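This briefing concerns the strand pairing and helix packing of the structure shown below.

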Amino acid sequence: MMRDTKFDILFEPLKMSNLTLKNRFFMAPIGTTFHMKQLSDFLAERAKGDVALITTGETCVHPGGRAGAGQEEPRLETDDDIKAFSPLVKAVQNAGAKIVAQLNHAGRYSSSRALQQQPVAPSAIASRYTGETPRELSTAETDDLVMAFAEAALRAQKAGFDGIEILGSSGYLISQFLSPVTNKRDDKYGGDTLQRATFLFSILQETRKKVGDDFNICVKFDAEDSMEGGRTLKDSILLAPHIVSAGADRLHTWAGWHEATRPMLPMFVKRGAFSHLAAEIKKVVDVPVSTVGRINDPYVAADILAKGEADLIGLGRALLCDPDFVKKTSDGRTDEIRRCTACCYCFDQIMRAIQGDKKAGLKCSINPELGREGEGLIRPAEEKKNVVVVGGGPAGMEVARTASLRGHSVTLFEKDDKLGGLVNLAFVPPHKGELKNVVDYYVRQMEILPLKVRLGESFTEEEFERIKPDALVFAAGARELLPRIPGISAEHVFTALEILKDDIPVKESVVVIGGGLIGVETAEFLADRGKKVTVIEMLKAVATDVGPTIRWGLLARLSKKISMLTSTSVIEIKEKSVVVSDPEQNRKDIPCHTVVIATGLSSRSDLVEPLKMRDTEVYVVGSCVKPGQIADAVADAFEVGCRI
Ligand SMILES: Cc1cc2nc3c(=O)[nH]c(=O)nc-3n(C[C@H](O)[C@H](O)[C@H](O)COP(=O)(O)OP(=O)(O)OC[C@H]3O[C@@H](n4cnc5c(N)ncnc54)[C@H](O)[C@@H]3O)c2cc1C
Ligand SMILES: Cc1cc2nc3c(=O)[nH]c(=O)nc-3n(C[C@H](O)[C@H](O)[C@H](O)COP(=O)(O)O)c2cc1C
Ligand code: SF4
């Protein structure tokens, strides 16, 4: 396919002081839980995918500023760290990209658990992010930290990096100095907007002295920090030219702190949401300005450049999801891009690791190879097999994809008239449209890979006898669980999946029984259609199966649209009401015209038992074996696809 000419602007080189880039894409910093070799393979894979510039994830400049992502947290704290980074830098450069190290001190975003001592900050102001109160840095300690940044920059230069990015955003130490909320100092590091930037300016000046003129320095900062009483866009417009005068060759604009009141990562944030902030900064400086945030589509990227809002496009999660995003855009294969859904599973995983969960690590819900790039997992099969996959949801299609890439002969049966399984319903509720990316990606894979898809066909005994597969993979999804409540068979009772699937004429007031993900999303779907909705949940809270990054924004929205009764169970469904037992065990009537059941899904492993008797390898994957999220289904399916 020919590349759309709209994309030409994305492939113009960018020249700036000390660095020339082959195109307008850079990999935004992504902190990982990977060890050095794994990190090197991870970044080199993205470099092979043609991104012009890679930024490492946050790299610590001082032991008192570690963010806490475990033992593997990369650092440039001592000269010994130079050796550790050199092979990684070479691997990325040999793969054709430039690479800069992101330097950070976490300040009050570190924790006493991670440091074994009280974290430090400009002022002793408690953090909502960690729940801890830090210790105020003395002036002399702050002077030392200026030098710690400069020395780390020099180490980056010695390790062969093409430059550095100073992390002055997101709520970490430098941004704590910049903010009036967290910097109440009366020494040289405190005061008005520009005085609070003394820490950053000093870092830039000392760094320049150490690394000389021929080394690219970028500063990442929040154009708005999105904190109550915090730094505004107006402050940043004042600040930006001074950052450049102090020594920055490029500015990377971001939109807020981890504690911010505005969501920045979830799918209900619109694509390219923060490019207008870059545009305002670009008006006041003469160095390249980058934007990042929810850019998962090359058309959005091209549009930002065409409007002159930024010079360089940052891809964070888009590259976690698909290392070849840039190459596919360049080759005119945009329909093959595995687009990030902004589901935030990756961020939840990192947060869990930072909070000390040793099992958590950076993963992507739809790219099972993330972090395993160097393992060569999709190997040619030793024995080519005739594989049948039953079910065309994400699990079935992932097995089919992987098995086919390994050289097996694959036939996939899907009883519905379209592929995608339950994801076709998952993207129906409000703000869930990005989940369609999962279906689009897999459908295209099914078209381009040498495999057979038999749409609208259930897999039957007769087919089994006809095909005689060597391997049979059951990916037939889950079934809805229906509780034994008197009245459940009445005509005004529907399941959540029925509501999302068909245009069912729902009357004015609705009770949704079950406040998990499917229940609350169906409730929001109905509320947005003007219905008065009450969700009834037995547990103490709703949406407990939703990841924390998405959940707080979801709950904030729901609280404005829906009544939610928690610690409440349903006793009976009547014609015009639902009888419940409230938290004090009192019976209550909740009036309603329609009842929706969303009490969960159960596995269908029973379907498979009879087949296990046959002389065939049998596998069960995805929701069919354990109902859960797309991440579980895909990970499970990938393992099986690699094993058959
Ligand atoms: C409203 C809603 C919102 C959701 N939101 C999210 C979310 O935000 N994030 C997330 O991660 N997950 C979400 N999910 C869950 C997600 O959809 C599932 O985790 C995922 O679809 C499971 O994939 P699967 O392939 O195992 O099963 P399914 O997607 O259920 O696919 C199974 C397929 O098998 C087919 N099949 C069944 N029997 C046969 C047969 N005999 N022959 C041939 N074909 C057969 C079915 O027709 C179906 O297409 C949501 C689900 C719903 C309903
Ligand atoms: C898992 C994860 C780790 C991140 N780590 C860092 C980091 O180390 N330093 C940083 O400045 N930003 C970090 N970010 C923010 C990203 O650089 C980027 O600003 C954000 O993800 C929005 O861009 P996207 O929508 O393209 O992902 C991280 C984001 C994610 C999802
Ligand atoms: S886990 Fe979700 S948000 Fe993160 S990169 Fe993958 S699809 Fe995007």
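In which sense do E14 and strand E15 pair, and over how many bridges? E14 and E15 (residues 452-455) pair in the parallel sense over four bridges; two strands pair if DSSP finds at least two bridges between them. This is a predicted model, in which local features need pLDDT of at least 70, side-chain atom pairs count only at pLDDT 80 or more, and totals for chains, interfaces and linings use all residues. Residues are numbered from 1 along each chain as its sequence is written, while chains are lettered from A and ligands numbered from 1 in the order in which they are written.

**Strands around E14**
- Helices (H or I, at least four residues) and strands (E, at least two) are DSSP runs, numbered from the N terminus.
- Thr 411 has Lys 452 in E15 as its bridge partner.
- Strand E13 (residues 386-390) pairs with E14 (residues 409-414) in the parallel sense over five bridges, and Asn 386 has Ser 409 in E14 as its bridge partner.

**Barrel**
- Eight strands form a closed barrel with parallel pairing, in the order E3-E4-E5-E8-E9-E10-E11-E12.
- Strands E4 (residues 53-60) and E5 (residues 98-104) run parallel and are joined by six bridges; Ile 54 has Ile 99 in E5 as its bridge partner.

**Helix packing**
- Helices H13 (residues 394-405) and H15 (residues 436-448) pack at an angle of about 35 degrees, with axes 10 Å apart; axes are lines fitted to C-alpha atoms, for helices over the stretch in contact, and angles run from 0 to 180 degrees between N-to-C directions.
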